[in-house]
Amino acid sequence: MTPVSKNIAYHLKKLRKELGWSLDRTAQETGVSKAMLGQIERGESSPTIATLWKIVNGFHVPFSVFLEEPHLLHNPTEPEHLPSVGSKMYVNPIFPFDPELKCEIFIIQLPPGYEQLSAPHESGIIEHIVVVEGTMEVFLQGAWKTLQKGKGLRFDAHQPHGYRNTTSRIACFHNIIHYTGKG
Ligand code: MN
């Protein structure tokens with residue numbers, strides 16, 4: 001089990017227990033099959049980013065909640081390396097969710113040729129993208145928009161969106177997510 005799938009398994013089980021949700025109920029709320037949820041919870045499967053977002057939406061919690069290391073929760077330290085979620089995209093929560101600011105900030109690395117499409121998140125979620133290395137493209141309202149290093153974009157994440165890197169060099173961006181609660 002990778003450290004990331006371990007964290008996801010831990011938090012999925014914990015949230016489910018806190019709410020008293022069965023796997024059936026959790027499948028209904030998240031749109032992720034009961035079999036897949038069971039595999040994730042037992043650490044037998046590492047969910048894709050898209051699947052993890054479905055789970056996040058179903059539980060109405062911030063994305064970074066699932067990436068927190070249980071033993072670091074009350075004693076946070078700097079992560080030592082970028083944990084991987086899925087096979088190729090690297091997601092590192094540099095500022096995990098802050099309940100007062102209702103905000104979390106990730107560094108995301110896209111390897112050459114990588115494309116990530118995302119279903120709409122819950123309403124009230126605003127994303128910022130700021131490119132810090134290379135060039136990437138963001139999919140919004142049916143079109144890919146090129147963003148170069150130093151450029152940014154803000155959008156309502158309650159719509160289909162995506163990120164891709166069509167260059168031959170790595171692209172890296174800051175992903176700043178606000179949970180405004182305006183659903
Ligand atoms: Mn998103």
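## The cavity and its lining

A cavity is a set of grid points where a 1.4 Å probe fits but cannot get out, and its lining residues have an atom within 4 Å of a point. In this predicted model, a search of the whole structure gives one cavity of 30 Å³ or more. The largest cavity holds about 100 Å³ of space.

Its lining comprises 14 residues, and I49, W53, I108, Y163 and N175 are those nearest the centre. By class, the lining of the largest cavity has eleven nonpolar and three polar residues, with no charged ones.

## Elements and domains around the cavity

At least two lining residues of the largest cavity come from each of α4 (49-59), β2, β3 (115-118) and β9. Both domain 1 (3-66) and domain 2 (90-179) contribute to this lining, with at least three residues from each.

## Strand β2 and its partners

Strand β2 spans residues 103-110, and six of its eight residues are buried. Strand β1 (residues 90-98) runs antiparallel to β2 and is joined to it by six bridges. Within this pairing, D98 has C103 of β2 as its bridge partner. Four residues separate the two strands of the β1 and β2 hairpin, and K102 in the turn has a positive phi of about 55°.

Strand β2 also pairs with strand β9 (residues 171-179), in the antiparallel sense and over eight bridges. In this pairing E104 lies opposite I177 of β9.

Terms used: Residues numbered from 1 in each chain as written. Predicted model: local features only at pLDDT ≥ 70, side-chain atom pairs only at ≥ 80, totals over all residues. Heavy atoms only, no water. Buried < 20%, exposed > 50% of the residue type's maximum accessible area, 1.4 Å probe, protein only. Pairing = 2+ DSSP bridges. 1 Å grid on protein atoms, 1.4 Å probe; cavity = no way out; pocket = protein on both sides within 12 Å on 5 of 7 lines; lining within 4 Å. Points joined across faces, edges and corners; volume = space filled by probe spheres on them. Nonpolar A, V, L, I, M, F, W, Y, C, P; charged D, E, K, R; others polar. Domains from an automatic or database assignment.
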